[in-house]
Amino acid sequence: MLTRESAIIPFSTEALKANLLRLQTEWEAAQASRDRGAIYPYLTAVFDLVTWWEQEGRAVKRAHRALHLRGHQSVRKPEPFAAVILCTTDPVKVDDRTRSKWSRALRYAAEFKDPDESLRDFIRRKGGLNACAARFARRLGRNPEIGAKSKCK
Amino acid sequence: MEYADQALDAARLGRNGVHKARDLIFSEMLAQLEASGDAMRYVNSHGRIGWKATPSLRQYLTDLELDAQGDLEDI
């Protein structure tokens, strides 16, 4: 694995397409499996992609590009996790409610997960996807109990 | 790294005396690998953006290795 300043390497449209295709492949693999935990590799791939977009401060802009690329009507300020999920899953199988739940769980993980812990372990430790989505709403949603940047374990 | 060094040599040889800096050639190579779906960026445990092979490239290399092992056993 290489570490290199990526800001000097542009993220081309072809690269965006390749990343979305990779996530779509992960989604299809999850769909093909009967394992209850099969969704985690897909969610991990979404999490990793948006996390590095966030790291570069370009998540919203790239979410816009992804929505546009996939022919979705883009909103003014798309939520990046939800946008990437919309672009890489079947909207019939992943409805608005599920997408919102996954997006909230991933945003919660983005805020509180330790970099060395896997997404699957973190979400399971916190009680599952539903619990993480609910925790997001309580701690980071419209009426948060605490500030958005205070870490907890 | 061997993969990277080969690409670096190829890039140098193909440019008729134009010697780009190693970092620039390396960056172009990474961008090409990313666009072709062979490399991806990620945030490492130190919070820095790194690069790694995509699952599809890793699978492809694993298949090649298994094929090579199979060929060796057939000899």
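Hi everyone. From the N terminus on, the elements of chain B run α-α-β-β-α. That gives chain B three helices and two strands. Before I go further, please keep in mind that this is a predicted model.

Now chain A. Its secondary structure comes to seven helices and one strand, and along the sequence the order is β-α-α-α-α-α-α-α. How much of each chain counts as buried? For chain A, it is 34% of the 153 residues. For chain B, it is 11% of the 75 residues. One more number for chain A: if you take its contacts with a separation of 6 or more, 50% of them join residues 24 or more positions apart.

Let's go inside. In general, nonpolar side chains of soluble globular proteins tend to be buried together. Here the largest nonpolar core has 34 residues, and the members that touch the most others are A:Val46, A:Val84 and A:Ala105. The largest share comes from α2(A), with 10 residues.

Leaving out residues up to four places away in sequence, A:Val84 touches A:Leu23, A:Val46, A:Leu49, A:Val50, A:Ala63 and A:Ala66. There is also a second, separate core of five residues, and among its members are B:Phe26, B:Leu30, B:Ala39 and B:Met40.

Next, how the helices of chain A pack. Two packed helices are described by the angle between their axes and the distance between the axes, and I have picked some pairs to show you.

Let's start with α1(A) and α2(A). Their angle is about 160° and their axes are 7 Å apart. Angles over 145 degrees count as roughly antiparallel, so α1(A) is roughly antiparallel to α2(A). The crossing of this pair is left-handed. On the α1(A) side, the contact uses A:Asn19, A:Arg22, A:Leu23, A:Glu26, A:Trp27 and A:Ala30, and α2(A) answers with A:Ile39, A:Pro41, A:Tyr42, A:Ala45, A:Val46 and A:Leu49. By class, that contact has nine nonpolar residues, one polar and two charged.

Now α2(A) again, this time against α5(A). These two pack at about 55°, with their axes 11 Å apart, and that angle makes α2(A) oblique to α5(A). What is the handedness of the crossing of α2(A) and α5(A)? It is right-handed. From α2(A) come A:Leu43, A:Val46, A:Phe47 and A:Thr51, and from α5(A) come A:Trp102, A:Leu106, A:Ala109 and A:Ala110. The tally for this contact is seven nonpolar, one polar and no charged residues.

The next pair is α3(A) and α4(A). The angle is about 20° and the axes are 9 Å apart, so α3(A) and α4(A) are roughly parallel to each other. Here α3(A) passes α4(A) in a left-handed crossing. The residues in contact are A:Ala59, A:Val60, A:Ala63, A:Ala66 and A:Leu67 of α3(A), with A:Pro80, A:Ala83, A:Val84 and A:Cys87 of α4(A).

On to where the chains meet. How many residues of chain A are in contact with chain B? There are 21, and they touch 21 residues of chain B. On the chain A side, β1 (2-3), α1 and α2 each supply at least two residues. The most come from α1(A), which gives six. Sorted by class, the chain A side holds 10 nonpolar, six polar and five charged residues.

Last stop, a residue in chain B. B:Glu65 is found in helix α3 (residues 55-74) of that chain. Is B:Glu65 buried or exposed? A residue counts as exposed with 12 or fewer neighbours, and B:Glu65 has 10 C-beta neighbours inside 10 Å, so B:Glu65 is exposed. Now find B:Asp23 as well: B:Glu65 and B:Asp23 are 42 residues apart in sequence, and 30 Å apart in space from C-alpha to C-alpha.

Note on methods
Residues numbered from 1 in each chain as written. Chains lettered and ligands numbered in written order. Predicted model: local features only at pLDDT ≥ 70, side-chain atom pairs only at ≥ 80, totals over all residues. Core = buried A, V, L, I, M, F, W, Y, C linked by C-beta atoms within 7 Å. Buried ≥ 20, exposed ≤ 12 C-beta atoms within 10 Å, placed from the backbone. Helix = DSSP H or I, 4+ residues; strand = E, 2+ residues; numbered from the N terminus. Contact = placed C-beta atoms within 7 Å. Nonpolar A, V, L, I, M, F, W, Y, C, P; charged D, E, K, R; others polar. Axes fitted to C-alpha atoms, helices over the stretch in contact; angles between N-to-C directions. Parallel < 35°, antiparallel > 145°, perpendicular 65-115°, else oblique. Left-handed = near helix turned anticlockwise from the far one by under 90°.
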